[in-house]
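Subject: Structure handover

Hello,

Here is the structure you will be working with. Please open it next to this email and follow along; the notes come after it.

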Amino acid sequence: MNNNYENQCILPFTGMHIHTDGNLAPCCMYKTPFNTTEKIYNVREFDQWHTVGIKQIQQDFLNGTPPAGCAVCFNTSKEITSGLRYNATERFFRLRPEVTKFVDTPNPTWLDLKFGNFCNLKCIMCHPESSSQIATEYQKNKSKFLSIGVRHPYEGVDDRWWEEPDTFNRVLEQVKHADYISIAGGEPLLAKQLFDIFKHAPDNCVISISTNLTRLTDQHIDSITSRSGSIIIAVSLDGVGAHHEYVRFGSDWNTLDQNIRRIVNLPNVRVIFTYLLQHTSLYSYKDFYEYVSQFNKEVQISTVNSHSIDPNVMTIDSAPPPVVQRFQEWYDAIPEAHDPVIAQWLQMYRFDAVGNAKFKQYISLLDELRGCDFNSSFNTSL
């Protein structure tokens, strides 16, 4: 097998992603195009998807023409999406050296599960698709959001497929055959079904949990430490203290700090801090860097989607040049803090006056609705 996976992907042959609305796809980046006749399969239709729907996607790959739903990944090779397909493909052939070509497995072995959009936080860059709290806030104040040009086409779907025994048991059957399971949300620590995943996953299966870590319990700790297999806990962190509490509204910093200290030294647990570069990072990253440095753990930095909320509203481009310049001066003075993602983020900065105006409108509305204060939280003025 050619080990250059740049233009290849194993996930259409081995992957299964359950989206927050219960629909199935080969992976989390697969986007069914608008105005298409392609059937969208729900988790309740797993058998049809696995025997019919995914077969067409597989055939497209074998024919050398990745389907339109994979365009976001294959057309943006420098994005994190290409890393997903590369890592999954490399892992598959590393674990199965006897396999020399792309073939589907009897059951999906790379699972990406989302138990709906249920979340206890309202992150400023998030949307109803991934947060039930934001869905409620948006529906209650829709006219106010629309008045400033913020429109969420997906307003949240309350489809609790995991509460249907037959459907959930069908998913657990796939869990038994998995060698990698990614669990995100919403907030996965709110789902009691997480403990069933721990129970049914094979011992050699890697389980990765993306979490805001605000709802960690003794039961979670016991379940994690009782597994012999590897656990990855990716903690979403966007600052320290008031910075984090503002960006991930609803979180309590003292509780989060205590929970982080509970997991950083657990056996068989790989802790990763994930940080999202956005407008507010110009104020919050310095404290974040100093805080996580004490733990000597992996940090994964990515950039906010340029269309989060509205084009360029949440990106660095909505920040005025003096604010960016101050961050640049701090960054240049701390060589050990240098990171290629941050360097590219700064290099690509282009001030967007429209994005800046919309950022101010959006933040002002959030302050009104949530009773918070951007200026005091970040010690700055809009």
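A crossing of two helices is called left-handed if the near helix is turned anticlockwise from the far one by less than a right angle, and right-handed if it is turned clockwise. The model is predicted: local features need pLDDT of at least 70, side-chain atom pairs count only at pLDDT 80 or more, and totals for chains, interfaces and linings use all residues. Residues are numbered from 1 along each chain as its sequence is written, and side-chain values use heavy atoms, with hydrogens and water left out.

Helix pairs

Two packed helices are described by the angle between their axes and the distance between the axes. Helices (H or I, at least four residues) and strands (E, at least two) are DSSP runs numbered from the N terminus. Axes are lines fitted to C-alpha atoms, for helices over the stretch in contact, with angles from 0 to 180 degrees between N-to-C directions.

Helix 7 (residues 165-175) and helix 8 have axes that come within 9 Å and cross at roughly 35°. The crossing of helix 7 past helix 8 is right-handed. In contact (heavy atoms within 4.5 Å) are Phe 168, Leu 172 and Val 175 of helix 7 with Gln 193, Asp 196, Ile 197 and His 200 of helix 8. By class, this contact has four nonpolar, two polar and one charged residues. Here Ala, Val, Leu, Ile, Met, Phe, Trp, Tyr, Cys and Pro count as nonpolar, Asp, Glu, Lys and Arg as charged, and the others, Gly among them, as polar.

Helix 8 also packs with helix 9 (residues 218-226): their axes come within 10 Å and cross at roughly 15°. Helix 8 passes helix 9 in a left-handed crossing. Leu 194, Phe 195 and Phe 198 of helix 8 meet Gln 219, His 220, Ser 223 and Ile 224 of helix 9. This contact has four nonpolar, three polar and no charged residues.

The axes of helix 12 (residues 281-293) and helix 13 (residues 321-333) come within 9 Å and cross at roughly 20°. Helix 12 and helix 13 are therefore roughly parallel, and their crossing is left-handed. Among the residues in this contact are Tyr 285 and Tyr 289 of helix 12 and Phe 327 and Trp 330 of helix 13.

Backbone

Most residues other than glycine have a negative phi, and most peptide bonds are trans. The bond from Gly 185 to Gly 186 is cis, with omega near 15°. Gly 186 lies in the loop between strand 5 (180-184) and helix 8 (193-200). Asn 268 is not a glycine, yet has a positive phi of about 60°. Its loop runs between helix 11 (253-263) and strand 9 (269-277).

Cavities

On a 1 Å grid over the protein atoms alone, a cavity is a set of points where a 1.4 Å probe fits but cannot get out, and lining residues have an atom within 4 Å of a point. Seven cavities of 30 Å³ or more are counted. Grid points are joined across faces, edges and corners, and a volume is the space filled by probe spheres set on the points. The largest cavity holds about 110 Å³. Its lining has 16 residues, with Cys 9, Cys 27, Cys 70, Cys 73 and Phe 74 nearest its centre.

Regards

Terms used
Angles under 35 degrees count as roughly parallel, over 145 as roughly antiparallel, 65 to 115 as roughly perpendicular and the rest as oblique. On a 1 Å grid over the protein atoms alone, a cavity is a set of points where a 1.4 Å probe fits but cannot get out, and a pocket is an open set with protein on both sides within 12 Å along at least five of seven lines; lining residues have an atom within 4 Å of a point.
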